[in-house]
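Me: Please walk through the structure below by question and answer, with the criteria behind each term.

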Amino acid sequence: MSAVAPPAVDRKLETEAINALRVLSIDAVQAANSGHPGLPLGAAPMAYVLFTEFMHFNPKDPEWPNRDRFILSAGHGSALLYSLLYITGYDLSLDELKRFRQLGSKTPGHPERLHAPGIDVTTGPLGQGFANGVGMAIAERFLATTFNRPGYDVIDHYIYGIVSDGDLMEGVSAEAASLAGHLGLGKLIYLYDQNEITLAGTIGVSFSEDIPSRFRAVGWHVQEIDGMDTDQVRAALAAAQAETERPSLICARTVIGFGSPKADTFGVHGAPLGAEGVAKTKEALGYPLEPAFYVSDNVAAYFRAAGERGAEKDADWQRVFRTYAEAYPELASTLRLAWDNTLPDGWDSDLPSWEPGSKPISTRKASGEVINAFAPRVPTFIGGSADLNPSTNTAMKGAGDFESPAAVLNPSSEQGLSGGDWGYAGRNIHFGIREHAMGSAANGMAAHGGVIPFTATFLVFADYMRPPIRLAALSDLKVIFVFTHDSIAVGEDGPTHEPVEQLLSLRAIPKLVTIRPADANETADAWRVAMSLVGPCVLIFSRQDLPVLDRSGAWGTVADGAYIISGAEADPDVVLIGTGSEVDLAVGAAALLGERGLRARVVSMPSWELFDQRDDAFRERVLGPAGTPRVAVEAGVTLGWERFVGERGAVVGIDRYGASGPGGEVLKHFGFTPQRVAVSAALWSVSTATAHRVRAAKC
Amino acid sequence: MVGIDRYGASGPGGEVLKHFGFTPQRVAATALRVLGQEELAVEIETAE
C-alpha cells in the first residue's frame, strides 16, 4: 500500500513548510534557552515528507490501533516532533510549544509517552528508540498474522523512525538491527539522519565504520540518499515500503543546523542559537523574522490537511473493523480486549496449585507450569528468553516460534523450537543472546499495544537490561521481565553468574514492582499480580528446588507484598523476614528458636513495592509494632533492609561476591543456614543466652 | 529523609530541584520535625 505523493510538488509551499518546522523548533529552543536546534534544522525535509505524504496518523485519534508508528529515536530533537504534532493538529497547543522544556509542560526535553498525544514511545537514551521500533514491528507482524483474515487487514501499518549517528553507535541498536534483520521485519523503516556530527565533535574522531555495509550484512534493505533533497526522500520511502521482507535503513546525508550560522558544526547540536543566531537563520531561510513561531495560513492548512487525510483513513479502518467484527466476532473481541489491556475472563482459572510438603520444585519450574497453564487463555501474551529457554522455563509449548516465514526453507532442521508453527503467529520469540535489545524490543511491543510482552534471562544479566527496565517503569509500559537463577545458589558457575546486588538495584528503580516468590504457590500468585499491573513487573525465580510451604496459618497474601507465614499471634519475641528461597530458611530458624523457647514469627516479603502500598496499620500487623526485634534474611546485599528491621534489627545477607561450588555448599559457606538466622535472631532479640545455645547446638 | 523516590521532570535545573523540595527550608523543616518542633517547621516552610 504505497502512499501516493501529490502529482506535482508545489516547491514554494514545500520550502516554506519545511522552514516552518525549522523555525517552530528553533523558536521553541530559544524560548527555553535550552535544547537541540541542530537536528530539527537538518532533518526537517525528511520529517516533512514522511508526515505529509507517507504516514497514516489521525491527530484526533492518536491511539488509532492501525496508525503508522513514529519513533524519534534521537529524542533530543524533540522540538521537531512537538512542532509536527502541533502543526498537524494534535491536541498540543502553541502555548505548549512556547513552554518547551518547562516544568509542568507537555513538551519535556525528550519526548515522553503519555505527556503529549502522538508520542508513541519515550525516547532520549540513544539506541532505545531504534530497538523499541523493532519490538513494534514484531507486534505488528504478530497481530497481523494472528488476527487478519482475507479481506480484513485490520492490522497493517508501518513503523517509521528517525535515527541518528548516536543511535547507531550505541550497542543496543546493533543487537536490535541484527534481530530485525533475522526476523525480516519489512514494515520497519528508519531514516538515518546522517549528519556525521555529534555533541562533542565530528564522527571522524570516533565512528568510521561503513554503516550501509554493516546493515546490509545483517539483512537490511539499505539506501543512500541526500536527505536534504525531498524527491530523494520520497523515492527512498516508496522503495522502502515496496521492500516487504527486509527492514529498511535510509542513510540520508543531512546538514546539522542547516541555515544557521553554526551549520555543520558540533556547536549547533545541543545549544540554543541565541537571538542573533535565530535571526540570521530565519534570514538565511528567507523566513519572516517576526513574530516568533510564525506559520503562514497556507502552510498551516497544508499540514492540517495531512492530519485530515489520516482521519479519513482512520474512519475507513473503523468501517472495515465493524464488518470484521460481524464476520469474526470472537477474533474481534479478543483483539479489542487486548487493545484495552484487559485480561480475558477466567484467564487464570487453570493455574496450578501445589500441596504443602509435596515434592520440592524450583520457582522457575513452577513458573513454567504457570505460564503454560494461562497461555492458551491469553493469546496475546508473547515473548521469550535470551537463548535460555531450557533454563528459564519460559517456553510456551506448542505456541509456535516467531520467525520470518521466508527465513528458513526447512524449519524442521532447527533445534530449540517450542513446537507449533514457524512464522509470525508464533508466540515464542527467540531473542538470541541480546538481552539489552530484548528488553528494549519488549518495551516497543508494549508501547505498540495489543500484546503483553515478556522477557527472560538470568538475574545477573538484569544489568544488561537496566536501561529498558527503567524506561518501562518511567513510561508505564506493561512488560513482564522474568529473571531466574536468582542468588549465589547458582553454584558452580561462580561469582560472575551469581547475582548479589541486582535485586536491590532493581528495587531502586521507581515505579517498578519486583516480586521474588518463596515457593511454587507464591509463584502462581506472583504471576497473577504481574499480569494485573498497569506497568512493568520483575519476577525473580530460583534455580534450585524449594519446598512447598505450609500456609495454613498465613495472614495476608503475595499481593500484599509481605504477609505472615506462621506465628501470626500478637507480640512475637522476634520477627524473621525472608524473601524467595530464604523464607524456608526463616521457617527452619523459627523452629530452632521455638525449641529454645523463643516465639518467632515468619514473614514472607516477596515484594517491597507492593508492601509499601499497604497502609501503616497493615504493615504494623505484619512486622509487629515499632521496636519489635526483626531479622531479615535474603541471599543478596544487606543494603536497604534497615528500613524494615530498624536499628535493633539484623540482616543476614551477602555483601561480597559469591563463589563457585555446588549451590548448597556455597549457601552454607556464606552462612545461609537456619542456625545463623536463628543466632542472629536470638542475639538481636531478648536472649543472648539462647543465641549461645543455638550456636552450640550446631545441628 | 530528604530524597527523591520518583522520576524527575523537565525544566531548568534549579527549578526542578526546588520543585522536588531540595531547599534549605525543607531540610531545616525536616530536621525540626525530627526534633518534634512542628510549629517552627511550619514557620520556616511558610516564610519565603
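Me: How many residues of chain A are in contact with chain B, and into which classes do the residues on that side of chain A divide?

Reply: This is a predicted model, in which local features need pLDDT of at least 70 and side-chain atom pairs count only at pLDDT 80 or more, while totals for chains, interfaces and linings use all residues. Residues are numbered from 1 along each chain as its sequence is written, and chains are lettered from A and ligands numbered from 1 in the order in which they are written. With Ala, Val, Leu, Ile, Met, Phe, Trp, Tyr, Cys and Pro counted as nonpolar, Asp, Glu, Lys and Arg as charged, and the others, Gly among them, as polar, the chain A side divides into four nonpolar, two polar and one charged.

Me: What is the distance between the end C-alpha atoms of helix H15 of chain A?

Reply: Helices (H or I, at least four residues) and strands (E, at least two) are DSSP runs, numbered from the N terminus, and the expected span of a helix is 1.5 Å times one less than its number of residues. For the 14 residues of H15 (435-448) of chain A this gives 20 Å, which agrees with the distance between the end C-alpha atoms, 20 Å.

Me: Which residue just after H15(A) takes a positive phi?

Reply: H15(A) itself is mostly covered, with 14 of its 14 residues buried, where buried requires 20 or more other C-beta atoms within 10 Å of the residue's own, the C-beta atoms being placed from the backbone. Just after this helix, a phi of about 95 degrees is taken by A:Gly449.

Me: Which residue is the bridge partner of A:Val575 in E21(A)?

Reply: Five strands of chain A form an open sheet with mixed pairing, in the order E18-E20-E19-E21-E22, where two strands pair if DSSP finds at least two bridges between them. Within this sheet, E19 (574-578) and E21 (630-633) of chain A run parallel and are joined by four bridges. In E21(A), the partner of A:Val575 is A:Arg630.

Key: Buried ≥ 20, exposed ≤ 12 C-beta atoms within 10 Å, placed from the backbone.
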